[in-house]
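Look over the sequence and the fold below before reading on.

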Amino acid sequence: QAEDGIRDYKVTGVQTCALPICDGDALLLIGEGVHAAWPDSPAAHRIAALPDTIAVHALSDNCDARGLVSIAPRCTRVDDAGFVALACAHARSVSWY
């Protein structure tokens, strides 16, 4: 039951961080944010509704640490090197806590 609370909690975070996202941007879920990639969760449905021109990623080590064996289909796992590649590919970043 506690997992449902975590999954529902992340919907607001996804809504907030998605507001300034534009075509060609990427969303990287890290830390507790990877809970938004929980398959079939309300937050994952919000992520699925983002335009296809926005890439959505989840940091693999953070998923593993939280027991997320599978993640929402709209999300792609990235390792630390992928995190660095995303940071290099995008001139600016915005963080939500």
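The description starts with the chain as a whole.

This is a predicted model. The protein chain contains 4 helices and 3 strands, and along the sequence these elements follow the pattern α-β-α-β-α-β-α. Of its 97 residues, 35% count as buried. The chain exposes about 5,900 Å², of which carbon and sulfur atoms supply 56%. Among contacts between residues at least 6 apart in sequence, 64% join residues at least 24 apart.

Next comes the interior. In soluble globular proteins, nonpolar side chains tend to be buried together. Here the largest nonpolar core has 19 residues, and those with the most contacts inside it are Leu29, Ala58, Ile71 and Cys75. Strand 1 (26–29), helix 2 (42–48) and strand 2 (55–59) are the elements that give two or more residues to this core. Helix 2 gives the most, with 3 residues.

Leu29 belongs to strand 1, and it counts as buried because its relative accessibility is 7%, where the limit for buried is under 20%. Leaving aside residues up to four places away in sequence, Leu29 touches Val34, Ala36, Ala37, Ile47, His57, Ala58, Leu59 and Cys75. The C-alpha atom of Leu29 is separated by 9.5 Å from that of Ser60, a residue 31 places apart from Leu29 along the chain.

The charged pairs remain. Side chains of opposite charge can pair when their charged atoms come close. The count comes to 2 salt bridges. In one of them, Glu32 pairs with Arg66, with the closest N and O atoms 3.2 Å apart. Glu32 lies in the loop between strand 1 and helix 2, and Arg66 in the loop between helix 3 (60–65) and strand 3 (76–78), so this pair ties together parts that are 34 residues apart in sequence. Glu32 is partly exposed, with a relative accessible area of 43%, and Arg66 is partly exposed at 26%.

The side chains of Arg77 and Asp64 also meet in a salt bridge, at 3.0 Å from N to O. Since Arg77 lies in strand 3 and Asp64 in helix 3, the pair ties together parts that are 13 residues apart in sequence. Arg77 counts as partly exposed at 27% relative accessibility, as does Asp64 at 49%.

Terms used. Residues are numbered from 1 along each chain as its sequence is written. This is a predicted model: local features need pLDDT of at least 70, side-chain atom pairs count only at pLDDT 80 or more; totals for chains, interfaces and linings use all residues. Side-chain values use heavy atoms; hydrogens and water are left out. A nonpolar core is a set of buried Ala, Val, Leu, Ile, Met, Phe, Trp, Tyr and Cys residues joined through side-chain atoms within 4.5 Å. Buried means under 20% relative accessible area, exposed over 50%, partly exposed in between (1.4 Å probe, protein chains only). Contact means heavy atoms within 4.5 Å. Accessible areas come from the Shrake-Rupley method with a 1.4 Å probe; for residues, only the protein chains shown count as cover. A salt bridge is a side-chain nitrogen of Lys or Arg within 4 Å of a carboxyl oxygen of Asp or Glu.
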